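Please brief me on the charged pairs, the sheet and the nonpolar core of this model.

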Amino acid sequence: MKKKVNKRNIVPVLLAVALLVSFGCTKKELPPPPPAQPKPAAKPAQPVQAQASSAKPAAAVDNLLDFTRKKDPFKPFAAEPVPQAQDKPRSAGVARKVDLLPIQSYDVNKFRISGIITGLNENTALIIDPAGKGYVVREGMLIGINDGRIHRITHSTIEVVEKYRDDKGHLHKRSILLALPKKK
């Protein structure tokens, strides 16, 4: 049941809405503010006491590219280590150097091999010191208290070469083999 909308009632309602919309949309513009008058420049006040400053006066334009007093950003923070003679073996009476690695504090025979990894380019091994700490070693690394150097790592052994001087001062080489334990 539809009610019929009376056309006479629609026309006054539409006129009222149109009037409200037209009056509500007008924008009232405010008059522009009067132009600001420039203020007279204020004179700087004279200081009561002369200011004592540690700041240096501004440098000349020529010194802008002078970097002689600047820190080098590419220089490392830590001092570079002094190269040490690795080929000089120590005799029994010579004091040890202070900056030795922990792997150099035990005799070579005290280490045990836990595993060997054979690779295409080089082999690596995991060895364990008497304290139970593990180290991953490669050929050429120093090991042991006599500055032994790992000469070769095979699939089952590590060969360590130690250089030492006898009582007469002659240089000798000693080769020590550490073998991977057999599986039980």
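R152 and E159 form a salt bridge, with the closest N and O atoms 3.3 Å apart. A salt bridge here is a side-chain nitrogen of Lys or Arg within 4 Å of a carboxyl oxygen of Asp or Glu. This is a predicted model: local features need pLDDT of at least 70, side-chain atom pairs count only at pLDDT 80 or more, and totals for chains, interfaces and linings use all residues. Residues are numbered from 1 along each chain as its sequence is written, and side-chain values use heavy atoms, with hydrogens and water left out.

- E159 is found in strand β6; strands are DSSP runs (E, at least two residues), numbered from the N terminus.
- Buried means under 20% relative accessible area, exposed over 50%, and partly exposed in between (1.4 Å probe, protein chains only).
- The side chain of E159 also makes a polar contact with the side chain of S175, at 3.0 Å.
- A polar contact is a pair of N or O atoms within 3.5 Å; within protein, one must be able to donate a hydrogen and the other to accept it, and residues adjacent in sequence count only if both atoms are side-chain atoms.
- Leaving aside residues up to four places away in sequence, E159 touches R149, I150, H151, R152, S175, I176 and L177; contact means heavy atoms within 4.5 Å.

**The other salt bridges**

- How many salt bridges does a search of the whole structure find? The count is 3.
- Side chains of opposite charge can pair when their charged atoms come close.
- E162 and R174 form one of them, with the closest N and O atoms 2.9 Å apart.
- E162 lies in strand β6 and R174 in strand β7, so this pair ties together parts that are 12 residues apart in sequence.
- E162 is buried at 2% relative accessible area, while R174 is partly exposed at 37%.
- E122 pairs with R138, the closest N and O atoms being 3.2 Å apart.
- That bridge links distant parts of the chain: E122 sits in the loop between β1 and β2, R138 in strand β3, 16 residues apart.
- Both ends are partly exposed: E122 at 42% relative accessibility, R138 at 37%.

**The three-stranded sheet**

- An open sheet of 3 strands runs in the order β1-β2-β3, with antiparallel pairing; two strands pair if DSSP finds at least two bridges between them.
- β1 and β3 stand at the edges with a single partner strand each, so one side of each has no neighbour in the sheet.
- The twist averages 25° from one strand to the next; axes are lines fitted to C-alpha atoms, and angles run from 0 to 180 degrees between N-to-C directions.
- β2 and β3 pair in the antiparallel sense over 5 bridges.
- L126 stands opposite V136 in β3.

**The nonpolar core**

- In soluble globular proteins, nonpolar side chains tend to be buried together.
- A nonpolar core is a set of buried Ala, Val, Leu, Ile, Met, Phe, Trp, Tyr and Cys residues joined through side-chain atoms within 4.5 Å.
- The largest such core has 16 residues, of which I103, F111, I127, V137, I143, I150 and I158 touch the most other members.
- Two or more residues each come from β1 (112-117), β2 (124-128), β3 (134-138), β5 (148-153), β6 (157-165) and β7 (171-179).
- I103 touches F111, I127, Y135, V137, L142, I143 and G144, not counting residues up to four places away in sequence.

Terms used:
Helix = DSSP H or I, 4+ residues; strand = E, 2+ residues; numbered from the N terminus.
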